[in-house]
Amino acid sequence: MAFNRRKLGALLGALLVTAAVAGVAGASPQGTPGVSSKQILIGGTFPYTGPAALYKTIPVAEQAWYAYVNAKGGVFGRKINDKTIDDSYNPAQTVPAVKQLVEQDHVFAIVGSLGTAPGLSTWGYLNQRKVPQVLLATGDAYWGNCVHHSCQGSTKPWTMGWQPSYPGEAKLYAKYILKNKPKAKIGVLYQNDAYGKNYLSGLKTGLGSHAGQIVDTESYNVTDPATVVGAHVGAIAAHGADTLVIFATPAASIAALATVPHIPGWNPLTILNNVSANRLFMLTAAKNGATLNGVVSTVYTASSTTQANLPGMKLAKAIIHKYAPALDQSLALGDGNIIYGLASAWTFTDALNHAGKNLTRAGLMHALRSLNEKNNPFIYPGMTVQTSKKRTFPMEQLKIIKWSGGATGDWHATGKIFSGLH
Amino acid sequence: MRNLPGLVTVLAVAGVLCALPFLLSDYHVSLAAQVGIFFIAILGLNILTGYTGQISIGHGAFMAIGGYTTAVLSRDHHTNLVLTMVVAFAICFVVGLIVGLPALRLSGVYLALVTFALAISIPQIPLQYSKFLGGSGGVQSSRTVDNLWIYAAAWTASAILFVLAWLILRGRIGRAFRAVRDSEIAAVASGVELPVYKTLAFGISAAYAGVAGSLFVLATNGFAQPSEFDVFLSLELLIGVAIAGLGSLWGILAGAAFVGLLPQISTSVPVIGAEHGRDVVFGAAVILVMLLVPDGFAGLLARLRRLARA
């Protein structure tokens, strides 16, 4: 009998624990989730660890901006509380993290989450529940196109990106090549996934009838070591290309840039996609032997090094110094991701302001579809963050930049601002 | 009547599991489902590592195979999701048998290395065959299911597979597994056919991992992607087995709860913080388990029971 009594005790204990957990979980909020008279709770997932951890300054900069806004009284008296969770760039961790934010923390919206695959793994879920999934830090074409058109079987009206679309950016490179090197023999290094293919298809579309000038396309996998990436660059040279187009993530682009000088007699025009053109990454490439002069890329945020005197850049420096001093040094070296974070967080507070005092999720989406930010202090001077009901990529402008000054050099903008890129 | 206390335990656990969805919030149901998924994987790995004494640091690879089976079948053929789990079980059983072959020649750390290679190489396959398997863009199943569905499926599968494991281990096969673990030479001398039982243990545990992987992908909103099945997943399973210890339902529940709930707990506890919280807790747990309870939770229970009797 003693045995059974002990079992009974265990069972009762288990039931008690269960009831306690259920009691804690029972409370459900009233009105718009995450919004009270004092606070707006938002959430996001970011790769603080893992293969994309180079991007981890973005959420820190965003939180610094919110801290700055809160110190000035918040938005309509509400303080913005941004809860971020590390997902290691791994969708299997993104999903429970987002479920936790939505179902447990009852956030108002998922804001700024980073990565294409993490975004894809949660957009069905978030749209089903009508939770805004906005200002995603990825430029895949999905984030703008699936608002109106059916993608993977349904539309996704609660999802939005922020940065220029990758195909749009690639079309601009095609334009640049056709204008400056019309007889170019083009070799493309691209990442073997949706991200790289988005770029490649944009480039082909942009080249149009000149797409035949692509003499070689080489794909690498995001987990490949530097030597494999280098071998692909060697293959591009062997195919006789005189123009190297790199559509890669930072680690691979650094490896590719460092390989070029090792190929005797090869001095191609090199084009590098925006995401990898952060000055910090360029300096790392130079340390690994890359000769950077003449590399071409694009920009849509202001530069904390070459444009340090802009009011926006002075503000950035002050905010980072006060609310995220650990980033002081990388900002001084020109870490574009910090400016990116500030700029996209600025858009979020701008949308909150336009959504009004009576904040709802639908109101936020409406505000995000009618953005008109000529005054975002962190984007490139003269550019506008703009959306309409039909055009849902907030940033569709880019400017060509060229590197000069070698291993201690910097990007310098040339030419006009290109608009309507998508 | 020797089994009566055990039966009472099982029924009690089953009763609590049936009651949970009525008591918990939707979010906590999703966490409980996560525990159920890891329960299946750890139960299977326990048969291989605990009972047969063969180490595997690569069972995340079988979860990947199971998960992709479900996602691809659902995407291309709209197959019933429960049916895809059965298919995942079968495919992983066969692959497990094949992978079990090197186990005939290798043992200890060498076998561990082979399975480790598996954990690294299998997630590369979708990248290589990206047309069919989606590359790093992943595969999206045509149907997604809610938390309650996954909870019910995970724990129903757990119950079925638990009974299956019990049936396997209580009889001839289980005896042969234990004989292989304790001494291969003695086992052969007693007429145990080593090749048969070693590969069989691999096959069974792989099949269990396959079902777990299938549910794992369904819990990820039906989205299968290579980085979900990184090496860390395989290590998590191994740690879960170490925490579980040998042959105790409570032990496996403890191991599954640890692995299934840790990511959430580590982000919610402010002391640990968002950054590297998971890694720190896992590292500390492994060291503590190995130091304090080398036989896992099951060993701890046995020790407590002895203390209570003394």
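Q: What makes the size of chain B agree with that of a compact globule?
A: Keep in mind that this is a predicted model. For 310 residues, a compact globule would come out with a radius of gyration near 19 Å, and chain B has 19 Å, so the two agree. Its C-alpha atoms fill a box of roughly 55 × 45 × 40 Å along the principal axes. Buried residues make up 51% of the chain. Of the contacts in chain B with a separation of 6 or more, 78% link residues 24 or more positions apart. As for elements, chain B has 16 helices and 2 strands.

Q: Why are α10(B) and α12(B) called roughly perpendicular?
A: Helix α10 (residues 172–182) and helix α12 (residues 194–219) of chain B pack at about 100°, with axes 10 Å apart. Angles from 65 to 115 degrees count as roughly perpendicular, and therefore this pair gets that label. On the α10(B) side, B:Ala176, B:Phe177 and B:Val180 make the contact, while α12(B) brings in B:Leu194, B:Tyr197, B:Lys198 and B:Ala201. By type, the contact residues are 6 nonpolar, no polar and 1 charged.

Q: How do you know that the length of helix α7 of chain A agrees with its residue count?
A: This helix covers residues 194–207, which is 14 residues, and at 1.5 Å a residue it should span 20 Å. Its end C-alpha atoms are 20 Å apart, so the length agrees.

Q: What makes α7(A) largely enclosed by the rest of the structure?
A: Buried residues account for 11 of its 14, so the helix is described that way. Among them are A:Tyr195, A:Lys197, A:Leu200 and A:Leu203. The cover over these buried residues includes α4, α6, β6, β7 and β8 of chain A.

Q: Why does A:Ser88 count as buried?
A: A residue needs 20 or more C-beta neighbours within 10 Å to be buried, and A:Ser88 has 25, so it counts as buried. A:Ser88 sits in the loop between β2 and α3 of chain A. Its phi is positive, near 55°, and it is not a glycine.

Q: How do you know whether A:Lys130 counts as buried or exposed?
A: The cut-off for exposed is 12 or fewer neighbours; A:Lys130 has 11 inside 10 Å, so it counts as exposed. You'll find A:Lys130 in the loop between α4 and β4 of chain A. A:Lys130 also has a positive phi, about 60°, although it is not a glycine.

Note on methods. Residues are numbered from 1 along each chain as its sequence is written. Chains are lettered from A and ligands numbered from 1 in the order in which they are written. This is a predicted model: local features need pLDDT of at least 70, side-chain atom pairs count only at pLDDT 80 or more; totals for chains, interfaces and linings use all residues. Axes are lines fitted to C-alpha atoms, for helices over the stretch in contact, and angles run from 0 to 180 degrees between N-to-C directions. Helices (H or I, at least four residues) and strands (E, at least two) are DSSP runs, numbered from the N terminus. Angles under 35 degrees count as roughly parallel, over 145 as roughly antiparallel, 65 to 115 as roughly perpendicular and the rest as oblique. Two residues are in contact if their C-beta atoms, placed from the backbone, lie within 7 Å. Ala, Val, Leu, Ile, Met, Phe, Trp, Tyr, Cys and Pro count as nonpolar, Asp, Glu, Lys and Arg as charged, and the others, Gly among them, as polar. The radius of gyration is taken over C-alpha atoms; the globule rule is 2.2 Å times the number of residues to the power 0.38. The expected span of a helix is 1.5 Å times one less than its number of residues.
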